[in-house]
Amino acid sequence: MIVSWMWIAIVGLVVERIATKQISSRNERWLLEKGGRSSIEKHYRGLLIVQYLSYGAILFELIYLRQSTVTFNMFFFVCCVIILSGKWWCIRSAGMFWNAKKITLPRVRLFKQGPYKYVKQPEYVITLLEIAFISFLFGAYITACVFPFLYMIYFKSIQSGAQKVYTNA
């Protein structure tokens, strides 16, 4: 059963997704105009499908598998806010170079600022955590355990293509 705090969280997540999509699309156009390229664009769709399937699994768990109402959990909410703040830290740190499809410009050195100082591909780590903790927030514990694992397996299978993109940046 979906209760009022869940609707607020769902709307917030949808608004956040729309904002990141708009930024990504704008930056993608700019990078392509400058001669950008991506060797993993096909794989991007697969990662996105796993992520969106996890949202569907959360709804499925909420509607069909939950026997009682899920109460608001402040710990998981704060974790989600921190994780989403990490995503926005990536966006801000990368500036016009940030995009969801990992398009890079030839002859532009890999930048090492913000979260990129610590992790080569922080967006993937953040998405993995996001899938888990958004699931926990909504009480979808099966999804929280299964989908981060599926995301990690898929990511590992395409990692060699992703490495090419980052080493050429």
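The lining of the largest pocket draws at least two residues from each of α1, α2 (41–65) and α4 (122–137), where helices (H or I, at least four residues) are DSSP runs numbered from the N terminus. This is a predicted model, in which local features need pLDDT of at least 70 and side-chain atom pairs count only at pLDDT 80 or more, while totals for chains, interfaces and linings use all residues. Residues are numbered from 1 along each chain as its sequence is written, and side-chain values use heavy atoms, with hydrogens and water left out.

**The largest pocket**

- A pocket is defined on a 1 Å grid over the protein atoms alone, as an open set of points with protein on both sides within 12 Å along at least five of seven lines, and its lining residues have an atom within 4 Å of a point.
- The volume of the largest pocket is about 370 Å³, a volume being the space filled by probe spheres set on the points, which are joined across faces, edges and corners.
- Among the 18 residues that line this pocket, Y44, L48, Q51, A100 and E123 are the closest to its centre.
- Helix α2 gives the largest share of the lining, with five residues.
- Sorted by class, the lining has eight nonpolar, four polar and six charged residues; Ala, Val, Leu, Ile, Met, Phe, Trp, Tyr, Cys and Pro count as nonpolar, Asp, Glu, Lys and Arg as charged, and the others, Gly among them, as polar.

**Cavities**

- There are two cavities of 30 Å³ or more, a cavity being a set of points where a 1.4 Å probe fits but cannot get out.
- The second largest cavity holds about 30 Å³ of space, and L110, F111, K112, Y116, V119 and K120 line it.
- The lining of the second largest cavity consists of four nonpolar and two charged residues, with no polar ones.

**Helix α1**

- Helix α1 (residues 4–33) has 30 residues and reaches 44 Å from its first C-alpha to its last, close to the 44 Å expected at 1.5 Å a residue, where the expected span is 1.5 Å times one less than the number of residues.
- Just after α1, G35 takes a positive phi of about 100°.

**Cysteines**

- The structure holds zero disulfides, a disulfide being a pair of cysteine sulfur atoms within 2.5 Å.
- C90 is in no disulfide, and the nearest cysteine sulfur, that of C80, is 16 Å away.
- C145 is likewise in no disulfide, with the sulfur of C80, its nearest cysteine sulfur, 15 Å away.
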